[in-house]
Structure formats: structure tokens, C-alpha cells
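Please read them with the structure open.

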Amino acid sequence: MSWIVWTLKAYGLFGALPLALVAAGIYAAARIAYLRFAKKPRGALSAEIARGLLVAYLVVLFVIVWFPELPKLVFGQIPLSEFLALTFARGDYAENFRFFALFKGDFSVLRDEELVGNIVMFVPYGILLAVSFQKLRWWAVDLIGLGTTVTIELVQPFLERSCDLDDIIANTLGAVIGCGIAKLVLTLSRKRE
């Protein structure tokens, strides 16, 4: 359990949470105002909650993968010059193509904490997308997950980080797993009704 807490802290999750809560609150207020102004009924409560959580998740993801030092800047712990230096001089170049070891029968790659973490990190994304936009087909949710991770990886070289094919595969797999879980739960709950 302490390894999980240490990993979440190392990735900057705890620093990103206050920003995520503020973003979710702003989204909720804007959504309520929009529905009242447009005189539209709100959607299913589960979808509305999932959309708020999706906003919070995207802020956390944005901070973790691109700007882990952003909370320190926002809360006045570092000046802008230090933030820029830390953001654009990381030199994080990971080993690429670890996933392909599976095709050679080398399953030791599954013990790679970073690879497993990349899968687990995108499971909530697949769940929240599928619940937020329940009319989307499963393949559309999976394509959004793929598009998101490709975008993340294509931006990373501009931040002095590596564009890693393994991360694309792992993140997409996580989104697919999350979407599958959500679609299964939604289907079972509809059958019960």
C-alpha cells in the first residue's frame, strides 16, 4: 500500500488534486447555469457526475503527464522561471518498444511498474468516457482513448520528454479495459430495470 501512495505522490497526483477539484467545481457551476439558461433538462445523474469527474480526471492527467510542477507554480512554491526550467529540461527518455517483448514470450515486461501504471492510469478514463457519453458506441470511446494518448505522446517531445509507443499501447489498453467495464455495468443495470 505504501508503494501505491509513494507512486501517486511521485507522479504529482496529490498536488494536482486541488486544481482538479477547482476545475470540477467550475464545470459544475457552468453546467448548471447552461442548463438553466437554455431551459434544458439535466441528463441522467450518473452521466452528470461522470462528466464532472471526467473534467477533474483530465486536469490531473494534464498535470501529471505534461506539467507536474504546475501545482507548485499555482500555489506560489516556485517562481515562473523555475517552473519553465523544470518543465522544458526534464530529459525523460524512456526505453521504447517494451510491449513487443510479450510477442517473444517474455512476460517479465508485465512486472514493469511504469507499464502497468500506464494501463491502470487510463482505466478510469475509459470508464468516465463511457458513462459520461452513454450513447457513444464502445469503439468510439476506444478511439477517443487512443486519440488522447497519441496527442499526449506527440506533445511530449516539445517538453523534452520521449514519445513512447509503449505508453500509447498501454494507455489505450487501459481505456479499452475501462470502457469494457463501464459498458458491461451499464448493460447489466439496464437489464435489471
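This is a predicted model: local features need pLDDT of at least 70, side-chain atom pairs count only at pLDDT 80 or more; totals for chains, interfaces and linings use all residues.

The points below go from the overall fold to single residues.

1. **Overall fold.** The chain has 8 helices and 0 strands. Along the sequence the pattern reads α-α-α-α-α-α-α-α. Of the chain's 193 residues, 38% count as buried.

2. **Contacts and surface.** Take the contacts between residues at least 6 apart in sequence: 71% of them join residues at least 24 apart. The chain exposes about 11800 Å². Carbon and sulfur atoms supply 71% of that area.

3. **Salt bridges.** How many salt bridges does a search of the whole structure find? The search gives 2. In general, side chains of opposite charge can pair when their charged atoms come close. Here, Arg31, Glu48 and Arg51 are linked in a network of salt bridges.

4. **Arg31 to Glu48.** These two side chains meet at 2.9 Å, N to O. The pair links distant parts of the chain. Arg31 sits in helix H2 (residues 13–37), and Glu48 sits in helix H3 (residues 45–65). They are 17 residues apart. Glu48 has a relative accessible area of 11%, so it counts as buried.

5. **Arg51 to Glu48.** This salt bridge spans 3.8 Å, N to O. The two residues are separated by about one helical turn, because they are 3 residues apart in helix H3. Both Arg51 and Glu48 are buried.

6. **Second largest pocket.** About 160 Å³ of space lies in this pocket. Which residues line the second largest pocket? They are Gly43, Ala44, Ala47, Arg51, Val131, Ser132, Phe133, Gln134 and Lys135. H3 and helix H6 (113–132) are the elements that give two or more residues to the lining. By type, the lining divides into 4 nonpolar, 3 polar and 2 charged residues.

7. **Ala47.** Ala47 lies in helix H3. Is Ala47 buried or exposed? Its relative accessible area is 7%, so Ala47 is buried. Leaving aside neighbours within four places in sequence, Ala47 is in contact with Val131, Ser132 and Gln134. Ala47 and Phe133 are 86 residues apart in sequence, with their C-alpha atoms 6.9 Å apart in space.

8. **Gly178.** Gly178 lies in helix H8 (residues 165–192). At 0% relative accessible area, Gly178 is buried. Not counting residues up to four places away in sequence, Gly178 touches Val123, Gly126 and Ile127. The C-alpha atoms of Gly178 and Phe122 are separated by 7.4 Å. Along the chain, Gly178 and Phe122 are 56 residues apart.

9. **Ile64.** Ile64 is found in helix H3. Its relative accessible area is 12%, which means that Ile64 is buried. Ile64 and Gly15 are 49 residues apart in sequence. In space they are 9.3 Å apart, C-alpha to C-alpha.

10. **Lys39.** Lys39 is found in the loop between H2 and H3. Its phi is near 55°, a positive value in a residue other than glycine. Lys39 counts as exposed, because its relative accessibility is 75%.

11. **Phe158.** Where is Phe158 found? It is in the loop between helix H7 (138–155) and H8. Phe158 is exposed, with a relative accessible area of 67%. Phe158 and Trp66 are 92 residues apart in sequence and 9.9 Å apart in space, C-alpha to C-alpha.

Terms used:
Residues are numbered from 1 along each chain as its sequence is written. Side-chain values use heavy atoms; hydrogens and water are left out. A salt bridge is a side-chain nitrogen of Lys or Arg within 4 Å of a carboxyl oxygen of Asp or Glu. Helices (H or I, at least four residues) and strands (E, at least two) are DSSP runs, numbered from the N terminus. Buried means under 20% relative accessible area, exposed over 50%, partly exposed in between (1.4 Å probe, protein chains only). On a 1 Å grid over the protein atoms alone, a cavity is a set of points where a 1.4 Å probe fits but cannot get out, and a pocket is an open set with protein on both sides within 12 Å along at least five of seven lines; lining residues have an atom within 4 Å of a point. Grid points are joined across faces, edges and corners, and a volume is the space filled by probe spheres set on the points. Ala, Val, Leu, Ile, Met, Phe, Trp, Tyr, Cys and Pro count as nonpolar, Asp, Glu, Lys and Arg as charged, and the others, Gly among them, as polar. Contact means heavy atoms within 4.5 Å. Accessible areas come from the Shrake-Rupley method with a 1.4 Å probe; for residues, only the protein chains shown count as cover.
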